[in-house]
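Good morning, colleagues. Please look at the sequence and the model on the screen while I go through some of the local geometry.

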Amino acid sequence: MEISRSEVCPGSVDSQCQPVPSDFGQCAGPKCTKESTKRCARCKVVFYCSRDCQRNHWARHKHDCHLFTAVPEKLDPKEQEDMVKAHHREFRRIVHKYGLDKGEKADLLADFLTNSAENSSISPQLLAERFNISREDASTLLAWVEIAVRFKEANLDKPKG
C-alpha cells in the first residue's frame, strides 16, 4: 500500500471525476499530530504524514479501509452494518470539520440532501460549491448517504413477519 500523491474522488466511477486540490487532514498515525495532504492510496479517506505513520496505523485502519472500498451488495449483513458505521464516522468527521453539524448549517445540509436526493440532481461538485467544502469531502459525504439509504432499505424497511 502506497500513499497517493494525487487526489481523486473516492469511490467514484464517474469518468468525469478530475483530480481535485488536496485538503489537509490530521495524520491518523498513532500519537501523531501533524497535518498532511497524503491519503491512503486505497480508500482515499485517512491522512498520513509518512510511511511510518501509515504502517503503524495499518492494523487499525485495515478493516475500515476494506469497508470504505467494498461493494455493499457483496458483503454479509454484519459487514454491511460495519460499513455503515465506518462511513458514518467519516461523515461525522467531515460535517464537524466544516461546521455542518450545528445550527443553521446543519439544517441547510439536511434540506439540501433531502431535496436533492428526491430530484436525483446532487453531485459532489454542487455539494462542494454550495457548502464551501472540498470536492473529495463532498464525494465522501454523498457516498455515505447512498450507503446509509441502501442499508436502511435492505435491512430496516423490510416488513416484519
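I shall begin with a pair of helices, then turn to individual residues.

This is a predicted model, in which local features need pLDDT of at least 70 and side-chain atom pairs count only at pLDDT 80 or more, while totals for chains, interfaces and linings use all residues. Residues are numbered from 1 along each chain as its sequence is written, and side-chain values use heavy atoms, with hydrogens and water left out.

Helix α1 covers residues 51-69 and helix α2 residues 77-97; their axes come within 9 Å and cross at roughly 95 degrees. Axes are lines fitted to C-alpha atoms, for helices over the stretch in contact, and angles run from 0 to 180 degrees between N-to-C directions.

Which residues of α1 and α2 meet? From α1 come His63, Asp64, His66, Leu67 and Phe68; from α2 come Glu79, Asp82, Met83, Ala86, His87, Arg89 and Glu90. Contact means heavy atoms within 4.5 Å. By class, this contact of α1 with α2 has 4 nonpolar, 3 polar and 5 charged residues. Ala, Val, Leu, Ile, Met, Phe, Trp, Tyr, Cys and Pro count as nonpolar, Asp, Glu, Lys and Arg as charged, and the others, Gly among them, as polar.

His57 also lies in helix α1. Is His57 buried or exposed? His57 counts as buried because its relative accessibility is 9%; buried means under 20% relative accessible area, exposed over 50%, and partly exposed in between, with a 1.4 Å probe and protein chains only. Leaving aside neighbours within four places in sequence, His57 is in contact with Ala28, Gly29, Pro30 and Tyr48. The side chains of His57 and Tyr48 are joined by a polar contact of 2.7 Å, that is, a pair of N or O atoms within 3.5 Å; within protein, one must be able to donate a hydrogen and the other to accept it, and residues adjacent in sequence count only if both atoms are side-chain atoms.

Lys31, in the loop between β2 (25-26) and β3 (35-36), is not a glycine, yet has a positive phi of about 65 degrees. Lys31 counts as exposed, at 86% relative accessibility.

Technical notes: Helices (H or I, at least four residues) and strands (E, at least two) are DSSP runs, numbered from the N terminus.
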